[in-house]
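Please look over the sequence and the structure shown here before reading on. The report below describes the chain as a whole and then turns to some of its parts.

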Amino acid sequence: MRHINANIDKGRLEAFSDGVIAIIITIMVLELKVPYGHDLKDLTAVWPVFINYVMSFIYIGIYWNNHHHMFHAVHSINGAVLWANLHLLFWLSMVPFVSSWMGENHFSEPLPVALYGIVLLMNAIAYTILVITLVRHEGKNSLLATALGRDWKGKLSIVFYCIAIPMAWVSTWISFGLYVLVAAIWLIPDRRIERKLAEEQAK
């Protein structure tokens, strides 16, 4: 019987993911409505939506950046990785909806703020599942596995989301502040994969 290679080229997955993320960002920017009037004071009505767009854009950008680096560190994928990646893209595609709802309510209502956190939490969980699936495919001693290590950023993010979601019924601004804090943690450059790739190339 002829042996069938279970490995799949990763190029189409990366191209598809880039396309979906580009559409997500496009949908978000279309939610920015042009204000009536022509003075600076007319912008006050849309500033919550704009601020929320900026934060959600940063979140999507963080996922795209890490997704790009992660797949640069792997050689191939399999069917399980394809489904794990689709799972992540599903939750990323929910960001424009919850982002718009929270912004339209000016961060004042607990349910939209909590739902935004739930979607962020599910994105973090989906990304973690994708990482685990890739490490299982590549192996525990692979470049990706050694570069990620214990991934304390991912675990800490999930903890903050779990605190922020119920906190929305205490103070929506505390919840929003925790979402900003998680984004700030990930904005700090994380060059683990880049360092490992450089080490491999130097050998």
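## Helices and the overall chain

Helices, as the word is used here, are DSSP runs of H or I with at least four residues, and they are numbered from the N terminus. Val 54 lies in one of them, helix α2. The model is predicted, and its chain has nine helices and zero strands, so that its pattern along the sequence reads α-α-α-α-α-α-α-α-α.

Of the 203 residues in the chain, 42% count as buried, while the accessible surface comes to about 11700 Å², with 67% of that surface belonging to carbon and sulfur atoms. Among contacts between residues at least 6 apart in sequence, 82% join residues at least 24 apart.

## A nonpolar surface patch

Trp 47, Phe 50, Ile 51, Val 54 and Trp 173 make a nonpolar surface patch of about 490 Å². Helix α2, which spans residues 47–72, gives the largest share of this patch, with four residues. Val 54 has a relative accessible area of 32% and is therefore partly exposed, since that term covers values between the 20% limit for buried and the 50% limit for exposed.

## The covered helix α4

Helix α4, made of residues 95–104, is mostly covered, with seven of its ten residues buried. These buried residues are Val 95, Pro 96, Val 98, Ser 99, Ser 100, Met 102 and Gly 103, and what covers them includes α1 (11–30), α2, α3 (79–93), α5 (110–138) and α8 (172–187). After α4 comes His 106, whose phi is positive, near 55°.

Conventions. Residues are numbered from 1 along each chain as its sequence is written. This is a predicted model: local features need pLDDT of at least 70, side-chain atom pairs count only at pLDDT 80 or more; totals for chains, interfaces and linings use all residues. Side-chain values use heavy atoms; hydrogens and water are left out. Helices (H or I, at least four residues) and strands (E, at least two) are DSSP runs, numbered from the N terminus. Buried means under 20% relative accessible area, exposed over 50%, partly exposed in between (1.4 Å probe, protein chains only). Contact means heavy atoms within 4.5 Å. Accessible areas come from the Shrake-Rupley method with a 1.4 Å probe; for residues, only the protein chains shown count as cover. Patches are made of residues with over 30% relative accessible area and no salt bridge: like charges are joined within 9 Å, nonpolar side chains (Val, Leu, Ile, Met, Phe, Trp, Tyr) within 5 Å. A salt bridge is a side-chain nitrogen of Lys or Arg within 4 Å of a carboxyl oxygen of Asp or Glu.
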